[in-house]
Amino acid sequence: MAALEIEHVEKTLRSGQSVLRDVSFTARDGELLAVVGPSGCGKSTLLRLVAGLDSITAGVIRIGGRTVNEVPPQQRDVAMVFQNHALYPHMTVYENLAFGLRVRGTPRTQIDRRVRQTAAQLGLEAMLKRYPRELSGGQRQRTALGRAMLRNPALFLLDEPLSSLDVPLRAELRRELAALHRSLGTTMVYVTHDQSEALSLGQRMVVLAGGRVQQIDTPINVYHRPANRFVAGFVGWPPMNFLTAESFDDGARVPAGASGLEYGVRPESFSTQAGGPDDLQLAGRIERIESQGSECHIELTQRFGRVLARLRCEKLPRVGEQIRLWVRRSDLHAFDRTNGQRVELMGLERSGPRPEERTQ
């Protein structure tokens, strides 16, 4: 096992385009760290830099305390799992798993023992004689993971390994990845654009946007205490609503300091009934109702814009009718209109966990 340290790393292309800007964070020894952000934010580039498949423009990368800026990929003691599996199509599962060990000259008896042990751990015992074309997407991904595991690396790098799978299989493999991390105890950096994967898998999250770190914290803190407007809008589904004090029926009751601010409300924070005398309320016309089974996603419009709410489906007005919603003042998030940073105001102090790390 080994910690990964990224210090002020930058990557600029020959064209002059800046891909990563002053990126700094640490994946602790034995930690599963999720790196999440929209397409084009530099996530995969960051993994390539760590793996040594590309060179950094500035900064320092350390693995297990050793600076690896000039160390070739094969000497960095990392294993990388890609989205496209990268299996050899002419080899069986057994041969794909054993390939790396054979290249390193591992004795045949040891290869067989380790391959079968890893296959059993991943539920691939019955697949060892099959070729990749005869496997499902999940089985191919498990084979790719097994091949990486057999290298016994100090660091696992996973580049959106589940994005090509269907939703039920992704959920299943998320559970398996979490269990695998617990059993191996190896440091893992998991890159994804899917914030639900980052929230469910990561022990901590790094949120990237525009090549910069926006926030580093535990999933629960990122969700309940987003460091800025981007994080608040990117993490969570449906996305957070951004409202002005005037959006509420009694905007004067929004906590003091509202000048130059906008307020975030998560859709699940709304209720169709007041919960207390300090609750704020707003009204609007229902434009759309989307059933999710046990709950409904409601889109309503008012003169200040669109509002999304997650509510129980029972006894809701119909599309085209008016609805009145309430939200606790303590469920509001405040952001500076100028720079988008979170603002703590008296009356908006939340009872949720405090962030252990602030924005970079």
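Trainee: How do the residues of the lining of the second largest pocket divide into nonpolar, polar and charged?

Mentor: This is a predicted model, in which local features need pLDDT of at least 70 and side-chain atom pairs count only at pLDDT 80 or more, while totals for chains, interfaces and linings use all residues. Residues are numbered from 1 along each chain as its sequence is written, and side-chain values use heavy atoms, with hydrogens and water left out. The lining in question has 6 nonpolar, 5 polar and 2 charged residues (Ala, Val, Leu, Ile, Met, Phe, Trp, Tyr, Cys and Pro are nonpolar; Asp, Glu, Lys and Arg are charged; the others, including Gly, are polar).

Trainee: How much space lies in the second largest pocket, and which residues are the closest to its centre?

Mentor: A pocket is an open set of points on a 1 Å grid over the protein atoms alone, where a 1.4 Å probe fits, with protein on both sides within 12 Å along at least five of seven lines; its lining residues have an atom within 4 Å of a point. The second largest pocket holds about 220 Å³ (the space filled by probe spheres set on the points, which are joined across faces, edges and corners). It is lined by 13 residues, of which R114, M149, L150, N152 and L184 are the closest to its centre. Helix 3 (residues 108-121) contributes the most to this lining, 5 residues (helices are DSSP runs of H or I with at least four residues, strands runs of E with at least two, numbered from the N terminus).

Trainee: What is the volume of the largest pocket, and what lines it?

Mentor: Its volume is about 520 Å³, and among its 23 lining residues V78, A79, M80, R147 and R151 are the closest to the centre. Strand 6 (78-81), helix 2 and helix 4 each supply at least two lining residues, and the largest share, 5 residues, is that of helix 2. By class, the lining has 17 nonpolar, 3 polar and 3 charged residues.

Trainee: At what angle do helix 2 and helix 4 pack?

Mentor: Two packed helices are described by the angle between their axes and the distance between the axes. Helix 2 (residues 93-103) and helix 4 (residues 137-149) pack at about 25°, with axes 8 Å apart (lines fitted to C-alpha atoms over the stretch in contact, with angles from 0 to 180 degrees between N-to-C directions). They are therefore roughly parallel (under 35 degrees). V93, N96 and L97 of helix 2 meet T143, G146 and R147 of helix 4 (heavy atoms within 4.5 Å).

Notes. Parallel < 35°, antiparallel > 145°, perpendicular 65-115°, else oblique.
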